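Here is a friendly walk through one protein model, from its sheet to its charged pairs and its surface. Have the structure open beside you as you read.

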Amino acid sequence: IGHHVVVEEDCIIGDQCTVMHNSVIMARTVIGNNVVIGCNNTIGNYGFGYDKDENGNYQLLQHLGNVVIEDNAEIHNNVCIDRGTLGSTVIQENSKIDNHVHIAHNVIIGRNSLVIANSMIGGSVKIGANCWIAPSVSIKNQIEIGDDALLGMGAVVLKSVENGQTVIGNPAVSLEEHKSWSIVRKKLINKS
């Protein structure tokens, strides 16, 4: 446990874990064995979920769930993982989360997946096993990413991704579709 770490009530932390300086582990978080948590992380705070009241003013929705980080996961530095609204936000075993990643409430990140720097995972996203989420990817809430998917650098994912599919661009499309559109663009440019 590093300097200035806060671990709130009712947390469970497994064996052989490392929690580095200035990280905050909020109430009811469950951390498995051999987990590494870097510096300056906030794990288990409430998410950014609001609804309008009868006067049209935004009111924070209660987040009653928790965060579960399974065995052998690694959370690098300056990461925010929001707790679930009713259930859990889950980082499955052997997944690795790079620096400056935001993981919203109710997200499930499948086993052995990599989420690289500056990525934003919207609420209730489900990411399959063995996925590669490249730097600066943004995934819209309630999207499903299949197993073995690859999301290219800076992709803005607005629809679900199939097992084994590679998507790139803004908005993200399959590699094949991107190649087809590139040919069309080149033809249009050459006509000008």
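## About the model

This is a predicted model, in which local features need pLDDT of at least 70 and side-chain atom pairs count only at pLDDT 80 or more, while totals for chains, interfaces and linings use all residues. Residues are numbered from 1 along each chain as its sequence is written, and side-chain values use heavy atoms, with hydrogens and water left out.

## The sheet

Eight strands make up an open sheet with parallel pairing, in the order E1-E4-E7-E12-E15-E18-E21-E24. At the edges sit strand E1 (6-7) and strand E24 (156-157), each of which pairs on one side only. Strands here (E, at least two residues) are DSSP runs, numbered from the N terminus, and two strands pair if DSSP finds at least two bridges between them.

You can look at one pairing in detail: strand E21 (residues 138-139) and E24 run parallel and are joined by two bridges. Ser138 has Val156 in E24 as its bridge partner.

## Two salt bridges

Across the whole structure, a search finds two salt bridges (a side-chain nitrogen of Lys or Arg within 4 Å of a carboxyl oxygen of Asp or Glu). One of them joins the side chains of Lys96 and Glu74, at 3.6 Å from N to O. This pair links distant parts of the chain, with Lys96 in strand E14 (residues 96-97) and Glu74 in strand E11 (residues 74-75), 22 residues apart. Lys96 is partly exposed at 21% relative accessibility, and Glu74 is partly exposed at 28% (partly exposed lies between buried, under 20% relative accessible area, and exposed, over 50%, with a 1.4 Å probe and protein chains only).

Arg111 and Glu93 also meet through their side chains in a salt bridge, at 3.8 Å from N to O. Arg111 lies in the loop between strand E16 (108-109) and strand E17 (114-115), and Glu93 in the loop between strand E13 (88-91) and E14, so the pair ties together parts that are 18 residues apart in sequence. Arg111 is partly exposed at 36%, as is Glu93 at 35%.

## A nonpolar patch

Which residues form a nonpolar patch on the surface? They are Tyr46, Phe48, Tyr50, Tyr58 and Leu60, with about 610 Å² of accessible area together (Shrake-Rupley method, 1.4 Å probe, only the protein chains shown counting as cover). Patches take residues with over 30% relative accessible area and no salt bridge, joining like charges within 9 Å and nonpolar side chains (Val, Leu, Ile, Met, Phe, Trp, Tyr) within 5 Å.

Leu60 lies in strand E9 (residues 58-60), and at 39% relative accessibility Leu60 counts as partly exposed.

Definitions and conventions:
Helices (H or I, at least four residues) and strands (E, at least two) are DSSP runs, numbered from the N terminus.
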